[in-house]
Amino acid sequence: MTMRSTRRQFAASAVAAMTLAVLPTRLTAASQLFAGGKLYSFSDGPMNLPIESVFYDIFGDDRQKYLKAAKVSDGIWRRAVNVNLLEVGERKILFDVGSGLNFLPTLGELPAALDAAGVDIGTITDVVFTHAHPDHIWGILDDFDDLLMPDAAYHISQAEWDFWDSDDAVSAMVPGRESFAVGAKSRFDKLRDQISFFKGGDEILSGIEAVDTSGHTPGHASFLIHNPAGPVLVAGDALTHPVISIEYPQWHDPADMDREAAALMRKRLLDRLATDKIGLAATHLPSPGFGRVESNQSAWRYVATDS
């Protein structure tokens, strides 16, 4: 595999007691506070898609309002793919795994990014999935279709597993996305002997609470990391754009499998994030994906964490 990543794609958190982690100057640091641990953000590569594939059923003026809000002028929808790693105690907990090399040619850089940062992928103790879309789960396999982290424990919501493992998943896909279901099922087949399930509200690991953020997929989950210095939510695809998801949560995202449920979920989630002052780490927010949500009159706004 080509080592396309550099250390610039690695973002590290601050440690407890307001002390920033000491990092080489070539690293880009993003401030996140954790008692006894660190939260990192790694890039799996850029996701650049033609708008026709993103807004496959949104046309005319409706499409233009999305493009204007996102400041897209050249027909390409650009988004980061951030993958979070939490190191706390003896655990190294990876939230999602990127896409591997079989989804988009610009993605699949997570293993190289981990290696460039000096993280031995064999020391990952837990992999926690937000959901089973390709850019979140396909990266569990290596070039030989074996588990890249065979000794890790894997965790996913019961509802997410039940959907993608069912015979109905393929028929539920919009035309052209049937590979999403086929790919998820093939990865599940590799995980059956070491997967554990949870539901919203469960403490899946010490200090990590599963939050039901279904709508984007039937069992999408986010993860609230309880921390004395302030909680942080690893949000996955619950919020995917700093303007569209946060300032206009009622807008329907074509990638959401249940658009009505996802819109309601975003409003509830944004209110909780702003009211409880919960930090945010999300897959597709601008790299490294760390920030917070603030109330803005009758709506919300996203504030990226200063690097």
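**Salt bridges and cores**

Guide: A search of the whole structure, which is a predicted model, finds ten salt bridges.

Visitor: Which residue does R78 meet in a salt bridge?

Guide: The side chain of R78 pairs with that of D74, at 2.9 Å from N to O, and D74 counts as partly exposed because its relative accessibility is 47%, between the 20% and 50% cut-offs.

Visitor: And which residues are linked with D189 in a network?

Guide: D165, D189 and R192 are linked in a network of salt bridges, and within it the side chains of D189 and R192 meet at 2.7 Å, N to O. D189 is partly exposed at 43% relative accessibility, and R192 is partly exposed too, with a relative accessible area of 35%.

Visitor: Changing topic, how many residues does the largest nonpolar core have?

Guide: That core has 35 residues, and those with the most contacts inside it are F42, L94, V127, F129, I140, Y154 and W164. The elements that give two or more residues to this core include β3 (37-43), β9 (153-157) and α7 (178-191), with α7 giving the most, five residues.

Visitor: What is Y154 in contact with, leaving aside its neighbours within four places in sequence?

Guide: Among its contacts are V127, F129 and I140, together with L147, M149, L191 and I195, and the list also includes Q194 and S196.

Key
Residues are numbered from 1 along each chain as its sequence is written. This is a predicted model: local features need pLDDT of at least 70, side-chain atom pairs count only at pLDDT 80 or more; totals for chains, interfaces and linings use all residues. Side-chain values use heavy atoms; hydrogens and water are left out. A salt bridge is a side-chain nitrogen of Lys or Arg within 4 Å of a carboxyl oxygen of Asp or Glu. Buried means under 20% relative accessible area, exposed over 50%, partly exposed in between (1.4 Å probe, protein chains only). A nonpolar core is a set of buried Ala, Val, Leu, Ile, Met, Phe, Trp, Tyr and Cys residues joined through side-chain atoms within 4.5 Å. Helices (H or I, at least four residues) and strands (E, at least two) are DSSP runs, numbered from the N terminus. Contact means heavy atoms within 4.5 Å.
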